[in-house]
Amino acid sequence: MSEQFDVIIIGAGIAGASLAANLANTHRVIVLEREEFAGFHSTGRSAAQFSEIYGNSTVRALTRASRHFFYTPPEGFSDSPLVLPRGSLFIARQDQLPQLSEFAAQNDVGDCVRAVSASEALQMCPILRPDYVAAAVLEGAAADMDVNALHQGYLRQLRQEGGHIWLNAEVLELSHNNGAWQVGTPNGSFQAPVVVNAAGAWADQIAIRAGARPLKIQPCRRTAVLVDPPPGIATASFPLVIDIDETFYFKPDAGLLFLTPADESPVEPCDVQPEEIDVAIAIDRVEQATTLRISRVRKRWAGLRSFAPDRSPVIGFDPRLSGFFWLAGQGGYGIQTAPTAGALAAALIRQDLPVELRNLPIDELSPGRKALTAATT
Ligand SMILES: Cc1cc2nc3c(=O)[nH]c(=O)nc-3n(C[C@H](O)[C@H](O)[C@H](O)COP(=O)(O)OP(=O)(O)OC[C@H]3O[C@@H](n4cnc5c(N)ncnc54)[C@H](O)[C@@H]3O)c2cc1C
């Protein structure tokens, strides 16, 4: 006998959690998560940076619309702030100045940044090498996010509204009969008219299991490394420093420095681990740009950033398969876009779009959009 719900959400990362919290006051919701704890995959492995000028224009629109939530979450959502200020400093060498100008000339970037001279960049981050940085732009309103506070806030809200989450519940079977989805896990089966694919790197696998056309959502590995800060230099107020071609970035992280080679290696969905070569590349690139000399890695990890072919998230009902909803392809932006993505997905499932969400590029997010049809047929 299956338990009955209105909506079954597959995946308890930030995508599934944000939708579940937004929907549980009007729908009977259950979230099914394969792992022992929510946030084991991409959501627990991010760089936690909020930037309104990162990603393509569709991503930027979702991020801008999420700002209010981060700075003014609902009463009782979190005991601690969800964001703390940390500017993003985009740096360029002499040979990268054209890319810096082109970047700052984009409409929705120019309004958010100011030009910074090489000497000012060095004041903000004194470990940068004077012979490396030719110019920079600063996004002053960027921030560090508390990903755990956001994720736990959503899961708490879900439970308070009477919703459910089942851990150790891998979805192995999906079938659709007489208007209802039947979802099988080793610990029980569930039935609902709507099933949501919020399975992150496994989104295409879930689609295939359900009989939907996969959307070529490609998981890509990104490596992260924590190292000691340089002795005698106060690093806590450094901005996030990012190469304009995104070949590396670094920022302070709880008394240490977080570095990444900003790798994007296509891999099969898995519990991804860092490769030694990527750790070495991260260290090499950061050492070239700074006076840091890194002799010890304190911690290393990798996570998956999963992209649709046009690098925009996929949010909406599948155009061919009744009751199958996509909330996938969050790429490298799934945390900073979650407040709006979760609210939008809930509104689309309710078929009741509030005024404040009507300006979003909904067609650009649809699983039926041209860019995806072209790439998958
Ligand atoms: C190194 C790195 C840096 C990043 N930096 C940032 C950043 O600064 N800012 C930002 O906004 N984003 C960043 N991201 C991206 C962000 O982490 C992701 O976009 C986001 O976490 C995706 O969330 P998700 O819920 O879609 O995926 P996940 O967190 O991976 O959740 C998907 C869940 O689905 C579950 N699942 C899969 N298959 C099944 C099944 N069959 N049955 C049940 N459950 C299943 C999985 O176990 C998993 O828990 C970064 C990512 C990485 C790796």
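Visitor: Where is R311 placed?
Guide: R311 sits in the loop between β20 (297–307) and β21 (314–317). Strands (E, at least two residues) and helices (H or I, at least four) are DSSP runs, numbered from the N terminus. This is a predicted model: local features need pLDDT of at least 70, side-chain atom pairs count only at pLDDT 80 or more, and totals for chains, interfaces and linings use all residues. Residue numbers start from 1 along each chain as its sequence is written.

Visitor: Why does R311 count as partly exposed?
Guide: R311 has 17 C-beta neighbours inside 10 Å. A residue is buried with 20 or more other C-beta atoms (placed from the backbone) within 10 Å of its own, exposed with 12 or fewer, and partly exposed in between. R311 falls in between, so it counts as partly exposed. Its phi is positive, about 65°, although R311 is not a glycine.

Visitor: Is A262 buried or exposed, and how do you know?
Guide: A262 has 20 other C-beta atoms within 10 Å, so it is buried. A262 lies in the loop between β18 (256–260) and β19 (265–266). Phi of A262 is positive too, near 55°.

Visitor: What makes β17 largely enclosed by the rest of the structure?
Guide: Strand β17 covers residues 249–253, and four of its five residues are buried, so the rest of the structure largely encloses it.

Visitor: How do you know that β17 pairs with β16?
Guide: Two strands pair if DSSP finds at least two bridges between them. Two bridges join β16 (residues 240–243) to β17, so they pair, and they run antiparallel. V241 stands opposite F250 in β17. The hairpin of β16 and β17 has five residues between the strands, and E246 there takes a positive phi near 50°.

Visitor: How many bridges join β17 to β18?
Guide: Five bridges join them, and the strands run antiparallel. D253 has L256 as its bridge partner in β18. This hairpin has two residues between the strands, and A254 takes a positive phi near 45°.

Visitor: What shows that both faces of β14 are covered?
Guide: Side chains in a regular strand alternate between the two faces of the sheet. In β14 (residues 194–197), V194 and V196 on one side and V195 and N197 on the other are all buried. Four bridges join β2 (residues 7–10) to β14 in parallel, with I9 partnering V196. β22 (residues 324–328) pairs with β14 over three bridges, also in the parallel sense. There V195 stands opposite F324.

Visitor: Why are β1 and β11 called edge strands?
Guide: Their sheet is open, with four strands in the order β1-β13-β12-β11 and mixed pairing. β1 (3–4) and β11 (173–177) each pair on one side only, and these are the edge strands. Within the sheet, β12 (residues 180–185) and β13 (residues 188–192) run antiparallel, joined by five bridges. W181 stands opposite A192 in β13.

Visitor: Which domains does the protein have?
Guide: The assignment gives domain 1 (3–64 + 147–215 + 310–376) and domain 2 (88–140 + 218–307). These bounds come from an automatic or database domain assignment. The domain centres, taken over C-alpha atoms, are separated by 30 Å. Their contact (C-beta atoms within 7 Å) takes 22 residues from domain 1 and 18 residues from domain 2. α2 (57–71) and α7 (203–210) each supply at least two residues of the domain 1 side.

Visitor: How do you know that the ligand shell lies between the domains?
Guide: Domain 1 and domain 2 both give residues to the shell around the ligand, so it lies between them. 41 residues surround the ligand (C-beta atom within 6 Å). The closest are G11, G13, G200, G303 and G334. α1 (14–23), β15 (218–227) and β20 each supply at least two residues of this shell.

Technical notes. Contact = placed C-beta atoms within 7 Å.
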